[in-house]
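Dear colleague,

My notes on what was found in it follow directly after.

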Amino acid sequence: MELDDELLARALGWCSEAGRHASAEEVRAALSPLSWDQLLAARAILADSPRARPLGPRALADMARGAPADIAAEREREGRYGPGDNAPRPEAVAPAPAPARRTRKATARGPRAAGPVVRRARDRVAQEPAPAPLPPLLDILFESEGRALLQRLVRRHGARRAPILAALARGWRGADGAVPGEPELEALLDAHGLANGFARRERDELLHVLRASLGLRTRAAAALGLSVDGLDAALRRLGAEGSAEEVREARRAELRRRATLSELARMLLEEEAALVDLGMAEEVAANLRSRLPEHSRALRATSPAGLVRALARSLSLTEAQAEALSARVDLGRFAAQRPGPRGSTAPALPRAKPAAPSRRAPGAGGPRAASRSPRAEASRYGPGAARPGRSPRSGDRNAARPGRPPPSRDRGGSSTGSASPRRGAPRPPSSPRPARPAGSPGPPRSPHPAPGGPRSP
């Protein structure tokens with residue numbers, strides 16, 4: 001059977017690896033008598049490393065026929081393979097049992113494994129974990145490389161001490177094995193000249209977080225990873241207490257502008273924790289206590305059946321919130337009110353005070369004279385006559401004045417006594433009024449206003 005160059009080259013290399021150097025003629029002479037199936041077996045053997053030593057070309061041919069590798073190596077050591085013979089000598093080779101017929105597929109894969117290896121979990125031996133290596137000392141960061149590390153931590157976490165200290169605790173340790181704290185961080189910043197810049201940035205970040213938290217210290221401390229006392233201590237250390245109080249006062253002024261009852265009620269019910277933080281909880285509650293009673297009385301007048309439902313509807317709240325608000329500001333003491341007219345629960349309005357009696361001369365006028373109208377008096381006494389119990393007024397043209405005769409009308413209908421002088425002409429002198437004797441009560445006042453309105457002073 002013809003042998004290709006690739007098979008010869010692989011056989012030469014395999015024999016050299018197995019401890020026997022051979023030529024191409026020896027390999028061709030050893031493998032030429034093999035059948036086609038045996039050549040396939042030889043190719044499969046050449047695909048793996050030699051399993052024993054020494055093995056030559058004739059040992060390779062013997063293994064292709066079915067001989068085990070250790071027996072072929074023993075025969076090679078004993079020199080049982082002749083120099084020109086393909087097979088071992090008959091007198092030196094014991095009769096071996098005929099090998100089982102292999103299929104083409106099994107021959108191509110090579111020899112089969114001895115059997116499956118079963119590994120049970122109960123036979124597994126627990127191995128102790130290796131101890132974790134100790135982190136390096138923090139003293140290394142005081143060298144020039146520590147400045148770059150600190151700047152990298154500040155760029156990643158900002159000027160916030162809590163995350164920076166946590167990062168240092170994960171990778172570094174103190175001289176006594178303790179976790180690095182704030183004194184070590186302060187020493188590192190001072191050693192590398194970063195303390196002043198870090199303090200300015202930390203102050204700005206604290207105020208920014210407080211402003212973003214609407215002036216609430218609890219929310220700002222949670223965002224910074226601090227407690228409320230820690231936040232106050234940081235503000236005190238950085239000298240930012242005044243600026244922080246200005247931020248909180250601006251928030252208080254904004255909340256004080258919410259003046260409606262609905263807004264105040266919602267603040268007290270939904271934002272009580274924020275009001276307690278700002279110190280405004282009692283202020284808002286006092287404002288509602290002073291304004292809600294009047295509002296509740298007005299609601300009772302309109303809907304006496306259900307005050308809680310009316311209060312919830314007027315303030316845009318749920319009934320549960322209205323009940324909580326009533327209990328919070330103690331509206332129950334305003335439930336008992338004096339009943340108003342016709343059995344209503346609205347408070348009764350105050351009664352009007354009686355009018356004070358007018359000063360009149362005894363025997364002058366009376367209820368009948370007070371009820372008369374000016375038109376009835378004019379029709380009774382005439383247009384030019386003086387009314388009893390009524391003093392003449394300047395607005396009445398026909399009223400007679402003392403010391404002046406009543407006006408007379410001529411045939412043409414013109415009034416001689418009431419003619420007004422021309423504009424710019426001198427006014428005739430009028431006679432003085434008679435002096436009133438001392439102690440006299442004077443003319444009585446009329447209860448009806450003058451037609452011309454009140455006299456100007």
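**Helices H11 and H12**

In H11, the residues Arg217, Thr218, Ala220, Ala221 and Leu224 meet Val228, Leu231 and Asp232 of H12; contact here means heavy atoms within 4.5 Å. By class, this contact has five nonpolar, one polar and two charged residues, where Ala, Val, Leu, Ile, Met, Phe, Trp, Tyr, Cys and Pro count as nonpolar, Asp, Glu, Lys and Arg as charged, and the others, Gly among them, as polar. H11 covers residues 217-224 and H12 residues 228-238, and the two pack at an angle of about 90° with their axes 9 Å apart. Axes are lines fitted to C-alpha atoms, for helices over the stretch in contact, and angles run from 0 to 180 degrees between N-to-C directions. H11 and H12 are therefore roughly perpendicular to each other, a term for angles of 65 to 115 degrees (under 35 is roughly parallel, over 145 roughly antiparallel, and the rest oblique).

**Basis and overall picture**

Please note that this is a predicted model, in which local features need pLDDT of at least 70 and side-chain atom pairs count only at pLDDT 80 or more, while totals for chains, interfaces and linings use all residues. Residues are numbered from 1 along each chain as its sequence is written, and side-chain values use heavy atoms, with hydrogens and water left out.

The protein has 20 helices and zero strands; helices (H or I, at least four residues) and strands (E, at least two) are DSSP runs, numbered from the N terminus.

**Helix H10 and its surroundings**

H10 (residues 195-212) has 18 residues and reaches 26 Å from its first C-alpha to its last, close to the 26 Å expected at 1.5 Å a residue. The expected span is 1.5 Å times one less than the number of residues. Ala195, Phe198, Glu202, Glu205, Leu206, Leu207, Val209 and Leu210 are the buried residues of H10. Their cover includes H7 (144-157), H8 (161-171), H9 (182-191), H11, H12 and H13 (241-256).

Glutamate 202, which lies in H10, is buried with a relative accessible area of 5%. Not counting residues up to four places away in sequence, glutamate 202 touches Ala159, Arg161, Arg237 and Leu238. Its C-alpha atom is 8.3 Å from that of leucine 238, 36 residues apart along the chain.

Leucine 194 is in the loop between H9 and H10 and is buried, at 18% relative accessible area. Leaving aside neighbours within four places in sequence, leucine 194 is in contact with Arg147, Leu150, Gln151 and Leu189. Just after H10, leucine 214 takes a positive phi of about 60°.

**Helices H8 and H9**

The axes of H8 and H9 come within 10 Å and cross at roughly 95°. These two helices are therefore roughly perpendicular to each other. Arg161, Ile164, Leu165 and Leu168 of H8 make the contact with Glu182, Leu185 and Glu186 of H9. By class, this contact has four nonpolar, no polar and three charged residues.

**Helix H17**

Ala310, Leu311, Ala312 and Leu315 are buried in H17 (residues 307-315). The buried residues of H17 pack against H14 (261-270), H16 (281-302) and H18 (319-329). Serine 316 follows H17 and has a positive phi, near 60°.

Yours sincerely

Technical notes:
Buried means under 20% relative accessible area, exposed over 50%, partly exposed in between (1.4 Å probe, protein chains only).
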